[in-house]
Structures are given as structure tokens and as C-alpha cells.
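Here is a friendly briefing to read alongside the model. Please have the sequence and the coordinates open as you go.

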Amino acid sequence: MSSIDKAEVWLRGPLPGLLPALQPVGHALLQAREELEDAMEGFPEKLLWHRPAGAAAVGFHLLHMTGVLDRLFTYAKGQQLTALQLNHLAAEGKPAGEGNTVQYMVEQFRLEVDNALAQLKAIKEDELFETRGVGRAQIPSTVTGLLVHAAEHTMRHLGQLLVTVKVVKMKAV
């Protein structure tokens with residue numbers, strides 16, 4: 001493995017097919033996917049819903065990161081959430097909900113990042129600052145605002161997930 005392969009995603013060069021303005025979004029999502037996959041390798045199912053000191057469980061972060069990408073990218077397309085998306089939102093913190101295994105949730109996140117990257121590649125430069133409504137209240141944002149928020153929100157929850165993984169593994173020893 002070369003030193004460039006070990007570098008963080010943003011240091012590996014531009015992502016093909018993405019506008020320069022969207023490179024940081026793509027880089028952040030790929031970085032999140034890599035770090036999440038590393039952190040979750042061999043993670044015990046029995047620890048998935050532990051909430052140390054009342055913090056959100058690893059399972060919540062896995063479901064939430066996937067759901068947020070789906071929802072924010074839906075808004076960026078100028079669409080409203082479907083009933084299925086709203087149901088997934090309501091189930092994000094529930095261990096008995098769909099996708100309650102580590103492997104399933106990691107795979108769903110991987111697929112959602114793939115979907116997001118495909119959508120990023122389809123965005124034209126003249127769309128970047130178009131207004132988009134968020135939520136039922138149609139709070140105004142822009143395509144760029146939604147995409148940047150999707151990346152930063154994903155990284156924020158990744159950081160929380162990484163810490164929670166370490167804490168619950170340490171407590172389980």
C-alpha cells in the first residue's frame with residue numbers, strides 16, 4: 001500500500017466526475033465510510049444498543065447517518081420525504097427496528113454513500129445555489145447548503161460513533 005493510499009481521502013486527489021465545489025462533500029462522505037467500516041469491523045452485536053452515560057447508542061448513529069444522507073439529498077433534489085423515509089426517521093433510535101444488525105447497518109450506510117456520490121456527480125454548476133425547501137415548513141436552503149450540511153452532519157455523528165464504540169468496548173472487557 002502506497003503512502004497516498006494511506007492518506008485521508010481529501011489528500012488522494014480529486015474525485016472523478018464531481019464539480020470542484022462538491023469535492024469536499026465527496027471526500028468527507030468517503031472518509032466517513034472508510035472510518036465507519038474500520039470501526040465496526042468485528043463490533044459485537046450485543047453492544048450495538050448500549051448507551052454509556054445516556055449517550056446515543058452505536059446503533060442509533062449507524063441508522064441516523066444513513067437516514068440523514070438520504071433525507072438531505074432528497075431535499076437537495078427538490079423533493080419532499082416519502083412515508084417510507086419518515087418511517088425510517090421514526091425508527092432510528094429503536095433496536096427492534098429494521099436493520100438491527102451491525103453488518104446490515106454498515107452495508108446500508110455504504111450503499112447510501114454510493115447513492116450520494118452518484119447524485120453529486122449529476123449536479124450541474126448552475127444548480128449549486130438554487131433554493132430548496134427543507135421539511136414540512138419548507139425552510140429555505142440551497143443545494144450547496146444541504147450537501148455541505150449532509151457531509152458535516154455525517155462527520156459529526158461519525159465522531160460520536162467512534163468515541164461510543166471505544167467506550168462500550170472498553171466497558172465490555
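Arg 71 lies in helix α3, where helices (H or I, at least four residues) and strands (E, at least two) are DSSP runs numbered from the N terminus. With a relative accessible area of 8%, Arg 71 is buried; buried means under 20% relative accessible area, exposed over 50% and partly exposed in between, using a 1.4 Å probe and protein chains only. This is a predicted model, in which local features need pLDDT of at least 70 and side-chain atom pairs count only at pLDDT 80 or more, while totals for chains, interfaces and linings use all residues. Residues are numbered from 1 along each chain as its sequence is written, and side-chain values use heavy atoms, with hydrogens and water left out.

**Arg 71 and His 64**

- Not counting residues up to four places away in sequence, Arg 71 touches His 64, Leu 81, Gln 85, Leu 89 and Glu 92; contact here means heavy atoms within 4.5 Å.
- His 64 is also found in helix α3, and it counts as buried because its relative accessibility is 12%.
- Leaving aside neighbours within four places in sequence, the contacts of His 64 are Arg 71, Glu 92, His 153 and His 157.
- The side chains of His 64 and Glu 92 are joined by a polar contact of 2.7 Å. A polar contact is a pair of N or O atoms within 3.5 Å; within protein, one must be able to donate a hydrogen and the other to accept it, and residues adjacent in sequence count only if both atoms are side-chain atoms.

**The largest pocket**

- The largest pocket has a volume of about 420 Å³.
- Of the 20 residues lining this pocket, Leu 63, Thr 66, Gly 67, His 88 and Gln 108 are the closest to its centre.
- A pocket is found on a 1 Å grid over the protein atoms alone, as an open set of points where a 1.4 Å probe fits, with protein on both sides within 12 Å along at least five of seven lines; lining residues have an atom within 4 Å of a point. Grid points are joined across faces, edges and corners, and the volume is the space filled by probe spheres set on the points.
- Which elements give two or more residues to the lining of the largest pocket? They are α3 (58–76), α4 (83–91) and α5 (102–122).
- The lining divides into seven nonpolar, eight polar and five charged residues. In this count Ala, Val, Leu, Ile, Met, Phe, Trp, Tyr, Cys and Pro are nonpolar, Asp, Glu, Lys and Arg are charged, and the others, Gly among them, are polar.

**The largest nonpolar core**

- The largest nonpolar core has 46 residues, and those with the most contacts inside it are Leu 36, Met 40, Phe 43, Leu 62, Leu 120, Leu 147 and Leu 161. Such a core is a set of buried Ala, Val, Leu, Ile, Met, Phe, Trp, Tyr and Cys residues joined through side-chain atoms within 4.5 Å.
- At least two residues of this core come from each of α2 (23–40), α3, α5 and α6 (143–172).
- Helix α3 supplies the largest share of this core, ten residues.
- Leu 62 touches Leu 36, Met 40, Leu 48, Met 105, Val 106 and Leu 161, not counting residues up to four places away in sequence.

- Val 58 has its place in helix α3 and is buried, with a relative accessible area of 0%.
- Beyond residues up to four places away in sequence, Val 58 touches Met 40, Phe 43, Leu 48, His 50, Leu 161, Thr 164 and Val 165.
- The C-alpha atoms of Val 58 and Leu 162 are separated by 8.4 Å, although these residues are 104 residues apart along the chain.
- Gly 59 is placed in helix α3 and counts as buried at 0% relative accessibility.
- Not counting residues up to four places away in sequence, Gly 59 touches Leu 48, Trp 49, Glu 92 and Met 105.

**Loop residues**

- Lys 77 sits in the loop between α3 and α4 and counts as partly exposed, at 46% relative accessibility.
- Most residues other than glycine have a negative phi.
- Ala 53, in the loop between α2 and α3, has a positive phi of about 55 degrees although it is not a glycine.
- Is Ala 53 buried or exposed? Ala 53 counts as exposed because its relative accessibility is 87%.
- Gln 138, in the loop between β1 (131–134) and β2 (139–142), has a positive phi near 55 degrees and counts as partly exposed at 38% relative accessibility.
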